[in-house]
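A short briefing follows it.

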Amino acid sequence: MKWGKVEGYFRGQFERELQGVGKRMAKETSKAENQTVRGVGIMKRRDFLRMAGLYACAFVLRRDTGIAAETEKGSRPFDKAHDRPNIVVILADDLGYGDAQCYNPKRGKIPTPNIDRLAVQGMRFTDAHSSSGICSPSRYALLTGRYHWRSRLQSGIVGVWEKPLIAPDRLTIAGLVKQQGYRTAAIGKWHLGWDWPIAEDQRSLFKHERNKGQDDEAPVATEKQQSAWRDVFSKPIPGGPTSRGFDTYFGTDVPNWPPYCFIENDRTIGIPSTFLPGKLFKNNLASQQGPALPDWPLERILPTLGDKACAFIAEAAKKPEPFLLYMPLTAPHTPLAVTDEWKGKSGLIPYADFVMQTDAVIGRVIEALEKSGAAGNTMLVFTSDNGCASYIGVKELESKGHFPSGPLRGYKFDVWEGGHREPFIVRWPGVVKPGSICGQLVHQADIMATIADILAVKLPDNAGEDSFSFVPLLKGVDKPTRQHAVSCAGGGAAGLRSGPWKLVFLPDPKAGTDVQLYNLDVDLGETKNLAAEQPERVAEMKMLMEKLIADGRSTPGKQQKNDVPVIICKKQKPEAAKGRAVRRKD
Ligand SMILES: [Ca+2]
């Protein structure tokens with residue numbers, strides 16, 4: 001009986017999500033989809049029940065007794081239980097799909113034992129996507145469950161000293177669980193803007209110097225600059241993580257940008273009063289000059305984030321309430337500030353050493369979870385915000401036999417799979433089958449609805465508009481939880497997935513098509529543009545994209561407004577878009 005209720009719930013949810021414009025297309029492509037699906041997570045009913053265990057029973061009971069309704073109002077305090085897991089989201093920065101060994105056993109040369117261990121203990125997704133080929137937009141979608149292109153950020157990233165991208169009243173995954181009594185912390189790289197208290201007449205004093213200085217020398221900060229910096233960094237900085245659902249924050253806004261200091265909650269730790277020496281702008285270290293603490297040690301950023309995360313877990317595990325830790329790592333993004341312990345370890349290039357060091361920090365967090373006793377009741381999600389950045393020395397890496405995008409086309413910034421198909425692993429003991437692999441289409445925006453599903457909370461109409469729960473996948477139900485997904489290039493050009501089909505909103509001058517169509521089922525490397533051969537499918541997918549835009553959402557629910565008019569056919573050629581983005585070097 002319990003089985004029937006759980007199964008019925010999942011079936012009902014699946015059917016609801018099939019409704020709308022995706023339904024017709026889903027039927028047409030179902031045959032091809034079935035071929036695409038490589039998930040091996042189809043379980044026997046007996047195994048499902050064993051794994052679901054208390055979680056499913058509690059879930060059904062709650063729905064039957066009406067407690068769910070109370071929970072939906074956010075009015076019922078609760079203690080830790082199996083259905084209130086701790087949640088840890090570790091987001092690597094610029095780690096390629098093929099940088100983790102478990103995703104690229106044949107063409108990957110960098111040892112990543114800790115990420116691989118997560119895959120052995122959890123579920124490894126092979127068709128998981130970020131919202132964009134670059135940082136800020138992907139982070140926006142992960143935290144809000146809404147595609148970034150519905151916001152002001154139609155292309156590029158949030159710039160240095162720029163205002164917040166997440167609106168103050170928008171629900172984030174942290175805000176969602178906080179309403180349910182969770183403790184929430186963000187530790188790492190924010191890169192979603194702040195309301196920096198910089199007055200208009202102070203702005204010029206925060207602009208980076210063109211002359212970055214020579215080797216050990218730094219440009220001299222004028223008294224006027226120092227005075228303005230003292231003024232600004234003595235004040236709270238509103239609009240950051242602690243105003244977007246997180247109880248606490250520790251990290252660097254962007255590790256290769258000013259201010260070169262740590263930020264704790266809404267204050268800088270120390271007052272940046274100098275510039276960085278010129279040598280720190282060489283060899284893929286810092287990229288923008290600006291206010292810095294004297295002797296700011298770039299190589300201490302990553303280890304310190306590891307220390308802070310471990311300390312948070314140890315302390316939070318002792319509390320009665322569950323916790324959510326969002327840990328956006330600063331690595332293996334630049335600055336490639338590898339500590340002495342890891343220098344040369346890969347035998348490849350500094351980037352590869354940094355990937356190894358990043359993996360080791362992930363290992364420390366896993367260990368802290370295990371030591372704290374919280375691991376058994378923690379859903380741990382590991383992923384990356386975009387593909388590997390080609391400027392870190394990809395050509396040299398490839399010449400040495402390591403291919404950071406594995407079998408995929410393109411790298412960071414790109415609308416091609418190498419830009420936004422990400423490693424995505426979920427470990428949740430007792431719920432997720434160890435060593436399972438899921439080939440279903442998922443998106444980082446789905447984390448929001450997944451958490452809501454776990455907590456039996458109904459998301460409001462104006463939250464998580466593009467978020468589909470993947471709880472059924474975690475439980476081994478190998479059916480699509482979303483029919484379509486959008487991921488964009490750094491320049492803004494969209495790629496729309498529908499089953500195995502991908503429509504890229506960039507012209508192909510050679511083929512004479514205004515868009516490009518690929519079948520990832522048979523052409524994962526995106527080599528054969530089928531747009532000219534399949535005009536009907538192209539037209540249908542264009543209509544789907546227009547509907548996704550017009551509805552302000554891709555999930556069922558009340559129509560919502562995008563923040564700005566959305567233009568999906570960005571006119572630029574892919575090479576031009578890539579070039580511009582590379583020069584910005586977020
Ligand atoms: Ca990134």
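The buried residues of helix 13 are covered by elements that include strand 1 (86-92), helix 6 (135-144), helix 7 (173-179), strand 8 (378-384), strand 11 (442-443) and helix 14 (471-474), where contact is taken as C-beta atoms, placed from the backbone, within 7 Å. Helices (H or I, at least four residues) and strands (E, at least two) are DSSP runs numbered from the N terminus. This is a predicted model, in which local features need pLDDT of at least 70 and side-chain atom pairs count only at pLDDT 80 or more, while totals for chains, interfaces and linings use all residues. Residues are numbered from 1 along each chain as its sequence is written.

**Helix 13**
- Nine of the nine residues of helix 13 (residues 446-454) are buried, so this helix is largely enclosed by the rest of the structure; buried denotes 20 or more other C-beta atoms within 10 Å of a residue's own, exposed 12 or fewer, and partly exposed in between, with C-beta atoms placed from the backbone.
- Just after helix 13, Ala456 has a positive phi of about 55°.

**Helix 15**
- In helix 15, the residues Val538, Met541, Leu544, Met545 and Leu548 are buried.
- These cover an arc of only 120° around the axis, which puts them on the same side of helix 15, the arc being that of the directions from the helix axis to the C-beta atoms.
- On the other side of helix 15, Pro535, Glu536, Ala539, Met543 and Ala550 are exposed.

**Backbone geometry**
- Most residues other than glycine have a negative phi, and most peptide bonds are trans.
- The peptide bond from Pro258 to Pro259 is cis, with omega near 0°, and Pro259 sits in the loop between strand 4 (248-252) and strand 5 (263-264).
- Asp295, whose phi is positive and near 55°, counts as exposed, with 8 C-beta neighbours inside 10 Å.

Definitions and conventions:
Contact = placed C-beta atoms within 7 Å.
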